[in-house]
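User: I would like to learn how to read helix packing and aromatic contacts in a model. Please take me through some cases.

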Amino acid sequence: MAHTTLSAARTAWQVGAHSAVELCEASLAAIADQDPVLGAFTEVTADRALSRAAAIDRDREAWAHQPLAGVPVAIKDNLCTAEVRTTASSRILETFVPPYTATAVAKLEAAGAIIIGKTNCDEFAMGSSTENSAFRVTRNPWATDRIPGGSSGGSAVAVASGMAPLALGSDTGGSIRQPAALCGIVGLKPTYGRVSRYGLIAFASSLDQVGPLTWTVADAALALSVIAGGDAADATSAPHPVPDYTVGLTGNARGLRIGVPRDLLNGEGVDADVATHVQQALETLKARGASIVDIALPTAAAAIPTYYLVATAEASSNLARYDGVRYGFRAPAEGRDTLRAMYCRTRERGFGAEVKRRIMLGTYVLSAGYYDAYYLKAQQVRTLIRRDYERAFEQVDLVAMPTSPTPAFRIGERIADPVQMYLADIFTVSANLSGLPAISVPCGFSTEGLPIGLQLTGRHFDEATLLRAADAYERDANWSVHRPPHVGARTHA
Amino acid sequence: MTYEAVIGLEIHAQLQAGTKIFCGCSTVFGAPPNTHVCPVCLGFPGVLPVLNRSAVDLGIRAALALGCRINETSIFARKNYFYPDLPKGYQISQYEQPLASAGSVSFAMPDGPRRVGITRVHLEEDAGKSLHEGFPDSDRTTYVDFNRAGVPLIEIVTEPDLRSAADAAEFFSRLRAILVWLDVNDGNMDEGSLRCDANVSVRPAGTAALGTKAEVKNLNSFRFLQKALEFEIERQRALVGDGIRVVQETRLFDVSTGTTVSMRSKEEAHDYRYFPEPDLPPVRVSAERLAAVRERMIELPDARRQRFVAAFGLPEYDAAQLTQSRHSADFFEATVTAGAPAKTASNWIRGELARVLNDTGRSMADPPVSPTRLAELLRLVEAGTISGAIAKTVFEKMVVSADSAEAIVRRDGLTQIDDEGAIIALIADVLTRNTDAVAGYRAGKTATFGFLVGQVMKAAGGKANPKRVTELLKQALA
């Protein structure tokens with residue numbers, strides 16, 4: 001039963017082939033078997049999941065029309081889950097149990113999905129390798145000495161290794177798409193505002209977006225249909241009606257114009273295998289009836305610095321609330337403490353190195369005398385990047401790029417070089433800066449056998465076209481039949 | 001050399017929106033600590049602010065009353081600083097694009113009119129409250145109450161147009177009256193609903209350049225504002241007079257000593273790292289919405305005062321007194337509408353009614369006698385059914401019962417005695433019992449006339465028509 005897609009799992013429950021309890025048990029068994037090695041989960045909610053599964057099985061009729069009834073799902077640990085510890089993989093929230101549930105998670109549960117556990121990530125979603133988690137290392141199931149990508153690394157591994165058919169992640173600069181690419185699965189970052197951010201522990205509020213990680217494009221479409229929609233609790237969510245995204249998956253790519261920013265693709269640092277497979281994917285789409293057009297995104301080269309100015313500025317403010325006063329970690333008092341000393345020690349010990357680096361960067365960016373040169377300038381460049389895309393979308397329906405310039409790198413390889421690590425986001429940050437929807441879909445394997453992802457970016461709120469193209473490609477390429485080798489605790493212990 | 005003071009005020013007023021600005025928690029004052037809180041106003045991870053529309057409308061109403069231009073688009077920003085009573089580590093406020101700009105308030109001082117420019121009116125959330133005293137372990141522990149965190153505020157910033165402590169106090173009092181009048185703010189300075197900070201500098205009289213300013217905080221009554229400013233202006237004058245430069249700093253008014261003391265210097269000032277709040281879209285005020293707020297806008301005190309003079313023929317003084325609060329103005333207008341003569345109604349509201357309110361500790365918001373009831377009473381006086389003196393007695397009884405004036409007059413037999421025969425009989429009786437006074441009067445001690453009138457009225461139980469008594473007594477003594 002493990003290695004089942006979301007669509008297959010829900011059909012299995014709907015037709016009565018498997019009970020929700022059986023689906024849950026299969027997931028839990030896969031976790032028990034593989035997770036000691038892979039480290040995808042920070043918390044497995046077995047009891048809660050099994051009792052909920054039993055309740056859904058008991059009341060089949062009431063749940064019969066819910067799209068995800070009985071299906072186990074994994075949730076990135078920066079999405080709040082009532083009564084379930086939510087840490088954002090940070091020491092400072094190690095004991096934090098929120099009294100509320102993120103809207104996207106609540107929608108999954110209302111649709112009958114069962115939370116099987118919370119997944120590891122880079123602390124506060126800051127990173128591209130999941131190495132910044134305060135708690136554990138997450139390994140790529142295709143090569144366990146390699147990183148799974150990040151920050152939603154745990155979610156990507158949970159899906160890729162068959163521990164759950166769907167995981168939610170969050171994407172601030174590529175945190176869904178890049179780990180999906182490096183783990184050989186599908187990752188979708190919806191349009192900014194398409195999915196409520198309520199209950200998502202904020203990293204950079206104007207960039208953060210919740211989205212699904214799945215085996216197939218059809219599964220991503222199914223999941224998006226459930227979690228999308230306006231939310232009175234998120235003033236930046238969009239009221240646009242939510243279509244059934246699975247309906248448009250016709251396999252037809254005829255008439256689609258796909259733009260390729262050649263300058264970017266041929267740029268420095270793009271792995272040859274990556275370039276080759278992305279080119280082949282474009283040929284496949286062309287054979288399906290799409291036309292491939294060269295386009296220019298002149299400002300895209302400035303996307304990384306722009307992103308790291310905007311994201312760190314917002315992060316420095318978003319993370320100010322972790323002060324040890326009301327909840328979470330507080331450093332123990334030392335003698336007659338001053339308030340300032342309590343703050344400093346709490347944040348010194350509660351945050352990891354990368355989080356502190358970004359808080360300092362962001363604080364600097366917003367400081368008097370630097371604001372205009374950094375934050376304001378970054379916002380101006382952000383506008384230019386958005387205009388680049390608007391101009392491109394006058395000619396084309398989608399923009400294609402690699403998701404990541406390289407396949408998964410080795411654990412520890414870039415940890416000492418933050419700038420090199422930041423460059424992993426070169427192709428993904430533009431979609432966040434411009435608010436556009438983007439998807440990563442598997443497009444082959446490197447000579448070393450590591451997954452490579454193709455990224456497609458669409459117009460605002462046009463996830464339908466994005467999903468249609470990705471699905472059409474997937475039908476031909478069908479990379480999702482390739483699953484990583486079984487990684488079991490027994491074989492590695 | 002003479003120096004003049006230059007003063008600008010920053011006033012924080014809580015908006016009476018019922019709920020907090022970014023969540024649904026109550027804003028009622030005085031609840032047990034940390035009972036009006038939720039994940040949003042406590043700054044929990046992952047929660048988001050959602051703007052309370054009625055707070056925006058109240059802000060617009062206040063800004064319109066202050067003659068401001070309402071900006072079509074205004075933007076929330078984060079003001080970042082660490083403090084235990086600031087749950088998110090930033091305050092959501094408006095910075096570069098406020099709700100409203102460029103208004104003014106005019107008022108009269110004994111030596112002439114004043115006009116104070118309003119630079120801006122912006123929306124923001126209040127912080128919580130640090131409780132440094134009142135607990136057994138207060139020597140080493142500070143508690144925090146977050147009931148106030150997220151309460152909607154407007155900040156009103158004036159131009160540096162004020163020139164004296166007295167002007168500033170009068171302006172603040174005028175501003176308070178307007179905000180309370182409009183139901184924007186409850187005016188309770190003791191509860192911190194209305195707070196004032198002042199920027200003060202001095203310069204040689206007649207020069208245009210501004211001197212170095214000090215910001216004085218904690219001026220939460222008109223008296224404190226005036227005292228603090230008087231002290232601060234004198235302090236700065238003395239410094240400048242001695243050729244010592246004023247230091248730019250924040251100073252705190254110490255109520256117990258009546259002085260201002262340095263709190264932090266310019267170098268220690270926070271860098272608030274303002275930037276636009278990404279969790280909230282810009283506030284857009286459409287023409288329709290503006291029109292709707294305007295439509296619900298009630299007549300302002302100044303306009304109403306002028307109308308009371310023009311429409312009811314009231315003296316300026318009466319009109320000014322009646323329009324000091326909306327309740328008294330409303331009461332007056334309702335009394336007149338119910339048929340009472342305007343000037344009599346004004347006298348009664350400012351006299352008897354005010355006295356009764358004062359004695360019973362009630363307010364114009366909750367009067368013991370309705371305008372209709374008062375009008376009925378005043379109509380009885382006008383018709384001559386009862387005397388003014390008896391009316392006061394009847395009014396006392398109305399205060400403690402629900403009966404109408406007419407019912408009380410009938411029940412207690414208080415109808416005025418106009419009958420000539422009855423009054424002559426009373427006079428005859430009084431004259432026979434007061435022969436000394438009569439003799440005195442006839443000997444030229446006219447002052448005893450008043451005494452005799454009093455005796456007749458007393459014999460009549462106050463009910464005799466005093467005019468008739470005077471006439472008939474004169475005849476009897478002639």
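User: In which hand does α12(B) pass α14(B)?

Analyst: This is a predicted model. In it, α12(B) passes α14(B) in a right-handed crossing. Helix α12 covers residues 420-433 of chain B and helix α14 covers residues 448-459 of chain B; their axes lie 9 Å apart at an angle of about 120 degrees.

User: Which residues of α12(B) and α14(B) meet?

Analyst: From α12(B) come Leu426(B), Ile427(B), Val430(B) and Leu431(B), and from α14(B) come Leu452(B), Gln455(B), Val456(B) and Ala459(B). By class, seven residues in this contact are nonpolar, one is polar and none is charged.

User: How are α8(A) and α17(A) oriented to each other?

Analyst: Angles over 145 degrees count as roughly antiparallel. Helix α8 (residues 217-227) and helix α17 (residues 463-477) of chain A pack at about 155 degrees, with axes 9 Å apart, and α8(A) and α17(A) are therefore roughly antiparallel. On the α8(A) side the contact is made by Val217(A), Ala218(A), Ala220(A), Ala221(A) and Leu224(A), and on the α17(A) side by Glu463(A), Leu467(A), Ala470(A), Asp471(A) and Glu474(A). This contact of α8(A) with α17(A) has seven nonpolar, three charged and no polar residues.

User: Now the aromatic side chains. How many aromatic pairs are there over all chains?

Analyst: Rings are paired if their centres lie within 6.5 Å, and the count over all chains comes to 32 aromatic pairs. One of these pairs joins Phe22(B) and Phe76(B): the ring centres are 5.6 Å apart and the planes stand at 80 degrees, so the pair is edge-to-face.

User: Where do Phe22(B) and Phe76(B) lie?

Analyst: Phe22(B) is in the loop between β1 (3-14) and α1 (53-65) of chain B, and Phe76(B) is in strand β4 (residues 76-80), so the pair ties together parts 54 residues apart in sequence. Both Phe22(B) and Phe76(B) are buried.

User: Which residues form one aromatic cluster with Phe44(B)?

Analyst: The cluster contains Phe96(A), Tyr100(A), Phe124(A), Tyr198(A), Tyr322(A), Tyr327(A) and Phe351(A) along with Phe44(B).

User: Last, what is Leu339(A) in contact with, leaving aside its neighbours within four places in sequence?

Analyst: Leu339(A), in helix α12 (residues 339-350) of chain A, is in contact with Tyr83(B) and Pro84(B) once those neighbours are left aside. Leu339(A) is partly exposed, at a relative accessible area of 35%.

Technical notes:
Residues are numbered from 1 along each chain as its sequence is written. Chains are lettered from A and ligands numbered from 1 in the order in which they are written. This is a predicted model: local features need pLDDT of at least 70, side-chain atom pairs count only at pLDDT 80 or more; totals for chains, interfaces and linings use all residues. Side-chain values use heavy atoms; hydrogens and water are left out. Axes are lines fitted to C-alpha atoms, for helices over the stretch in contact, and angles run from 0 to 180 degrees between N-to-C directions. Helices (H or I, at least four residues) and strands (E, at least two) are DSSP runs, numbered from the N terminus. A crossing is left-handed if the near helix is turned anticlockwise from the far one by less than a right angle, and right-handed if clockwise. Contact means heavy atoms within 4.5 Å. Ala, Val, Leu, Ile, Met, Phe, Trp, Tyr, Cys and Pro count as nonpolar, Asp, Glu, Lys and Arg as charged, and the others, Gly among them, as polar. Rings of Phe, Tyr and Trp (its six-membered ring) pair if their centres lie within 6.5 Å; planes under 30 degrees apart count as stacked, over 60 as edge-to-face and the rest as tilted. Buried means under 20% relative accessible area, exposed over 50%, partly exposed in between (1.4 Å probe, protein chains only). Angles under 35 degrees count as roughly parallel, over 145 as roughly antiparallel, 65 to 115 as roughly perpendicular and the rest as oblique.
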